[in-house]
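Thanks for coming. I will take the two chains in turn and then say where they meet.

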Amino acid sequence: MKFLAHFGKYMLMLKGMLSKPENPKLYWKEFMHQCSEIGIGSLGIVSIISVFMGAVSTLQTAYQISNPLISKVIIAQIVRDTVILEFSPTLVCIVLAGVVGSKIASELGNMRVSEQIDALEIMGINSKTYLILPKILAAITTIPLLVILSMVLGIVGGRLTGTLAGIISAETFDSGLMENFVPYNVTFALMKAYTFSFIISSVPAYYGYHVKGGSLEIGRNSTTSVVVSCITILLADYVLAAILL
Amino acid sequence: MIEFKNIKKSFGEKMVLNGVSHVMESGKANLIIGTSGSGKTVLQKCLVGLFEPDEGEIIYDGVSFTEMSEEDRKLLRQQIGMLFQGSALFDSMNVEENIRFPLDMFTKDNLTVKTKRVNEVLERVNLTGSNKKFPSEISGGMKKRVGIARAIVLNPKFLFCDEPNSGLDPQTSMLIDKLIYDITREFNMTTIINTHDMNSVMEIGDNILYMKEGRKEWTGSSKDIIFSDNQSLNQFIFASEFLQDAKQMRMMEAKR
């Protein structure tokens, strides 16, 4: 019952934010601000985890393929496919659920508690449209781009580690990357990225927007929003894989 | 003018407003007073539409707010200014951007015109030159004044103030009261002030609604309070011995 109540309120929030903007210029400005906050703000963490993700997957794949009869190009293929199919869209989005999600939830929660949302409503501004819609649109715009960047950096990280550690030569790695490449995998990864970016932005927005109480509740709702986002991402990951692969 | 009739509001089993009716007059400082939990804030939130009353009617200048569509309410709200208890300034914006925000949202004026208007209201609240300061860099009293400036920047017809003196020293409180009172008279606004502050009640209370347990207990002006025999009101207003003595002195002065 509690789940249904939350789900109903979440759907009403989504419906409520779909109204005509009072001044499209200000909404555009807010959208660009959010693109910078979510996209550029997460660039560092996404780059670091992507490079290490690729590096570790190269080392671990090489460790598991100890049979000399198996060609080393397999290492590059495994790194490429795991990075594209799972690591970049899912792992990066789970990290972003923590980084971006908690920021969205605490920002909106703080605005709710300090009556800034009420102030917007009193001015005749639809606070859902002004505060939530730009965040969701910015996440849908920038997070898939971050996922593409993560794919590239993950593979580059894997290649660098492979060559520097003397596991695989650069030529072998490159030829492995080109062999049996399925472009649909990238499409599938982007479908996941769009779905996850919607979850990462809308679920914390729901929890932040509906905070009741004080600073303690802001923290509590922020944590809950990250947990719920992560679980929803994993569920969506399973459903998308079952349907689309 | 704002008129409300038989406003009822419950939260679960608890009835917070139990049939409150009153008229808030334009060009006057209309005060809602009462002990904590008497329903003042809920009443004010019902009046501005942040809460929907369960029963009753709210009328703004002869037009029923209760029956208005959401779109019409949005239009009406552009004529409403509100000063919140904690000022509710946007943390990410400086003073100028905070005050300019309603102008940016609802007018098509260019930046020069808007900045001129911002400077006018800043001057009106005695904060000339504070344009570039952020809310975290100014005092509580200054925040209240910025809140007032933002509330009046669109020349509203209705001004709501929720506990404008909370957390302020007596001197600053008096300055804020005087400012609200002067603005009310100057622009002939309907100002509704929700307060606990007895200085405000006695200094600027043109039309006072005293609430008790969700009901209207007493109405009148600050002058009427001195001669009121309402026991509950007297206990609330003249709670200390010092205030009781002050009341006796005022009564004696009035009789002379």
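Predicted model: local features only at pLDDT ≥ 70, side-chain atom pairs only at ≥ 80, totals over all residues.

Some overall figures for chain A. Along the principal axes, its C-alpha atoms fill a box of roughly 70 × 40 × 30 Å. The chain has 245 residues, and 42% of them are buried. If we take contacts in chain A between residues at least 6 apart in sequence, 87% of these join residues at least 24 apart.

Now to individual helices, starting with α3 of chain A, residues 43–64. This helix has 22 residues. From first C-alpha to last, α3 of chain A reaches 32 Å, close to the 32 Å expected at 1.5 Å a residue. Which residues of α3(A) are buried? They are A:Val46, A:Ile49, A:Ser50, A:Met53, A:Gly54, A:Ala55, A:Ser57, A:Thr58 and A:Thr61. As a reminder on helix geometry, an α-helix has 3.6 residues a turn, so residues three or four places apart point the same way. The cover over the buried residues of α3(A) includes α4 and α6 (127–164) of chain A.

Next, helix α8 of chain A, residues 184–209, which holds A:Ser201. Why does A:Ser201 count as buried? Because A:Ser201 has 28 C-beta neighbours inside 10 Å, and the cut-off for a buried residue is 20 or more. Setting aside neighbours within four places in sequence, the contacts of A:Ser201 are A:Ile104, A:Lys135, A:Ile136 and A:Ala139. A:Ile94 is 107 residues from A:Ser201 in sequence, and the C-alpha atoms of the two are 12 Å apart in space.

A:Ile200 has its own list. Not counting residues up to four places away in sequence, A:Ile200 touches A:Cys93, A:Leu96, A:Ala97, A:Val100, A:Gly101, A:Ala139, A:Ile143 and A:Ser229.

That brings in the largest nonpolar core, which has 116 residues. The members that touch the most other members are A:Cys93, A:Ile200, B:Met82 and B:Ala149. Helix α4 of chain A, residues 73–113, supplies the largest share of this core, with 15 residues. From chain B, the core draws at least three residues from each of domain 1 and domain 2. In general, nonpolar side chains in soluble globular proteins tend to be buried together.

On to chain B. The domain assignment gives domain 1 as 1–79 + 156–226 and domain 2 as 93–151. The C-alpha centres of these two domains of chain B lie 24 Å apart. Their contact takes 10 residues from domain 1 and 7 residues from domain 2. On the domain 1 side, helix α6 of chain B, residues 170–187, gives the largest share, 4 residues. By class, that side of domain 1 has 7 nonpolar, 3 polar and no charged residues.

Chain B also has strands. One open sheet has 4 strands in the order β2-β1-β4-β5, with antiparallel pairing. β2 (14–24) and β5 (63–64) of chain B are at the edges; each has a single partner strand, so one side of each is left without a neighbour in the sheet. Strand β4 of chain B, residues 55–60, is joined to β5(B) by 2 bridges. B:Tyr60 is opposite B:Val63 in β5(B).

Elsewhere in chain B, strand β3, residues 29–34, pairs with strand β9, residues 207–212, in the parallel sense over 5 bridges. There, B:Leu31 has B:Ile208 of β9(B) as its bridge partner. β9(B) is also joined to strand β10 of chain B, residues 215–220, by 5 bridges, and these two run antiparallel. B:Tyr210 has B:Trp218 in β10(B) as its bridge partner. β9(B) and β10(B) form a hairpin with 2 residues between them, and B:Glu213 in the turn has a positive phi of about 50°.

Last, where the chains meet. How many residues of each chain are in contact with the other? 13 residues of chain A are in contact with 16 residues of chain B. Helix α5 of chain A, residues 116–122, gives the most to the chain A side, with 5 residues. By class, that side has 5 nonpolar, 4 polar and 4 charged residues.

Technical notes: Residues numbered from 1 in each chain as written. Chains lettered and ligands numbered in written order. Contact = placed C-beta atoms within 7 Å. Nonpolar A, V, L, I, M, F, W, Y, C, P; charged D, E, K, R; others polar. Buried ≥ 20, exposed ≤ 12 C-beta atoms within 10 Å, placed from the backbone. Core = buried A, V, L, I, M, F, W, Y, C linked by C-beta atoms within 7 Å. Domains from an automatic or database assignment. Expected span 1.5 Å × (residues − 1). Pairing = 2+ DSSP bridges.
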